[in-house]
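Hi everyone, thanks for letting me go today.

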Amino acid sequence: MVDNVSIITVFTLSGLNGTANHRLTLFSLTLLCYCVIWLVNVTLIVTVIVDKSLHEPMYIFLCNLCINGLYGTSGFYPKFLMDLLSPSHVISYAGCLLQGFVIHSSACGDFSILALMAYDRYVAICRPLVYHSVMTKQRVGLLVFLTWLLPLYLMFMSTVTTSRSRLCGSHIPKIYCYNWLIGKLACSASTANTVIPYFNISFYLGHVIFIVWSYVYLIKTCLASKENRGKFMQTCVPHLFSLINVVVSLLFDLMYTRFGSKELPQSFQNFMAIEFLLIPPIINPLIYGFKLTKIRNRILSYLTCEESSNSHYVECLARRRGVVRGSGSRISCSSL
């Protein structure tokens, strides 16, 4: 059996078994969702990058949340779309490890960024007098760097540990690669394969506890001030919604993968497995884009060409009306 370990170079994914009659429909819907994810996230990212007035900690963290969403979905959707059009659902050994690394590090990155956003809101609302001295450009840059480094490092260590296991199977009962399921295919259990995943879970459970703790103080502070209640409703409610959505979907997938019954319909299992790769990447930029006034107004100004000191908007407005204010000269719309 050990001699056969080295020839396992391909994994079989069985999550799409039984969906042959709905492949084209699923492909069309999935492709549409992936396009929407790119559209809404890129729109918010570009808006934050281009507009210097949005170069504040809260918007920078939000921009990173959207970038992380694109990073995570890029590890799932291209392969999933190909599987929907293919009669066989296989993935190479290296590709499986890479996909698991990207998806898992993206999920951990969500928790890191949401914890960072909770800290930012705590300082802004509970300690407003020291906000600018605490959230300096250097500190914001360091926090963002650590927010990306820690998930990538922890998942890299987990992936390396998994890759060193001797495998006696190649079947993964899921629609994408999952490090814990790869570890279950090992011929013999190792301490590292047990300890590292539970350490990572405990580490990010600490993130959730920190966020809950920060919101206890936020709510206490907001109850005593009408102005702070307004800040809470505008900036914290979207953040809280994002957190609940990510925690619930990941917790369900985590618990079901380890302890769940196989009697649930495969379609329901698949939806819960990809929920955190579907709902948050679409909802996060939408709820923040609509809820945060500065982002909403800036996006609307791009769409409606409202007057602005920026020459781009002036030119756009002139093209719409066919005249430049104060000049009386006509402008050729085709030339712009």
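This is a predicted model: local features need pLDDT of at least 70, side-chain atom pairs count only at pLDDT 80 or more; totals for chains, interfaces and linings use all residues.

Let's start with a quick one: are Asp-83 and Lys-79 buried or exposed? Both of them are buried.

As a general point, side chains of opposite charge can pair when their charged atoms come close. Now look at where they sit: Asp-83 and Lys-79 are both in helix α3, which covers residues 77–84. They're four residues apart there, and that's about one turn of the helix.

How many salt bridges does the count come to? Two. The other pair to look at is Asp-120 with Arg-121, where the closest N and O atoms are 2.8 Å apart. Why do we call Asp-120 buried? Because its relative accessibility is 1%, and the cut-off for buried is under 20%. Arg-121 counts as buried too, because its relative accessibility is 10%.

Now, confidence. The protein's mean pLDDT is 80, and 83% of its residues get to 70 or more. Residues 1–5, though, have pLDDT below 50, and that stretch has five contacts in the model beyond near neighbours in sequence. Over residues 323–336 pLDDT also stays under 50, and there the model has 15 contacts beyond four places in sequence.

Key:
Residues are numbered from 1 along each chain as its sequence is written. Side-chain values use heavy atoms; hydrogens and water are left out. pLDDT is the predictor's confidence in each residue, from 0 to 100. Contact means heavy atoms within 4.5 Å. A salt bridge is a side-chain nitrogen of Lys or Arg within 4 Å of a carboxyl oxygen of Asp or Glu. Helices (H or I, at least four residues) and strands (E, at least two) are DSSP runs, numbered from the N terminus. Buried means under 20% relative accessible area, exposed over 50%, partly exposed in between (1.4 Å probe, protein chains only).
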